[in-house]
Amino acid sequence: MTLSIIIPTLNEAVALPATLAALPKGCEIIVVDGGSRDGTAPLAARLGARVIVSPPGRARQMNAGAAGAHGEQLLFLHADTLVPARAEQLIADALMHHHWGRFDVRLTGRHPMLAMIARLMNLRSRLSGIATGDQGIFLHRHTFEAIGGFPDQPLMEDIELSKRLKQWGAPACLHQRVCTSGRRWAQHGVWRTIWLMWRLRFAYWRGADPHRLVELYR
């Protein structure tokens, strides 16, 4: 089965080349650009990806990529995330027994807390059955279409997608790791970022409007 890898971008010219270089050969690579001003889109085209231009918003971009994809399996990947070796085979094997899944994650960076944050992210995901975009969410195309794709909301789209997918079954939680940048924690401070993310998740769990939460996130 063909795997389509969909990468939403917005000003990711620095991180994207390494991400594309790590992708398995023979897969369909789609970069969905939301209006970058740093040359991300032409760079992606030069590196061999098919580029789709979309209105900004990660959910909208990923839905646009899925609509244009030809693969029977879909992997949604952040632009600063490297997949493990044989990712396409790992996904194919997992989807033989599950409707969807995700990888464990490792965070790059020098702060000693990043390794603990990654371990807690992986553990929380296993216990809750909820995956985040950092972990590389993959699924069958027909499953994605059946649940209506990503919800058109500016934040927590991965959480909401996971909730819908859990109705189809538990995710395949692969121990192989994607390697994603810890730049968010480095830029804004580890403890401050942890506090912010837990506040956002708790507020969303309580029913807060994602359009209001995105202002806090920014």
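This is a predicted model: local features need pLDDT of at least 70, side-chain atom pairs count only at pLDDT 80 or more; totals for chains, interfaces and linings use all residues.
Biologist: What makes β1 and β4 paired strands, and how do they run?

Modeller: Strand β1 (residues 3-9) and strand β4 (residues 73-76) are joined by 4 bridges and run parallel. Two strands pair if DSSP finds at least two bridges between them, so β1 and β4 qualify. Strands here are DSSP runs of E, at least two residues, and helices are runs of H or I, at least four, numbered from the N terminus.

Biologist: Why are β3 and β5 said to stand at the edges?

Modeller: The open sheet has 8 strands in the order β3-β2-β1-β4-β7-β6-β8-β5, with mixed pairing. β3 (50-53) and β5 (81-82) each have a single partner strand, so one side of each lacks a neighbour in the sheet.

Biologist: What makes β6 and β7 a pair?

Modeller: They share 2 bridges and run antiparallel. The cut-off is at least two, so they pair. Tryptophan 100 has leucine 139 in β7 as its bridge partner.

Biologist: Why is threonine 193 called buried?

Modeller: Its relative accessibility is 4%. Buried means under 20% relative accessible area, exposed over 50%, partly exposed in between (1.4 Å probe, protein chains only). Therefore threonine 193 counts as buried. Threonine 193 lies in helix α9 (residues 190-205).

Definitions and conventions
Residues are numbered from 1 along each chain as its sequence is written. Side-chain values use heavy atoms; hydrogens and water are left out.
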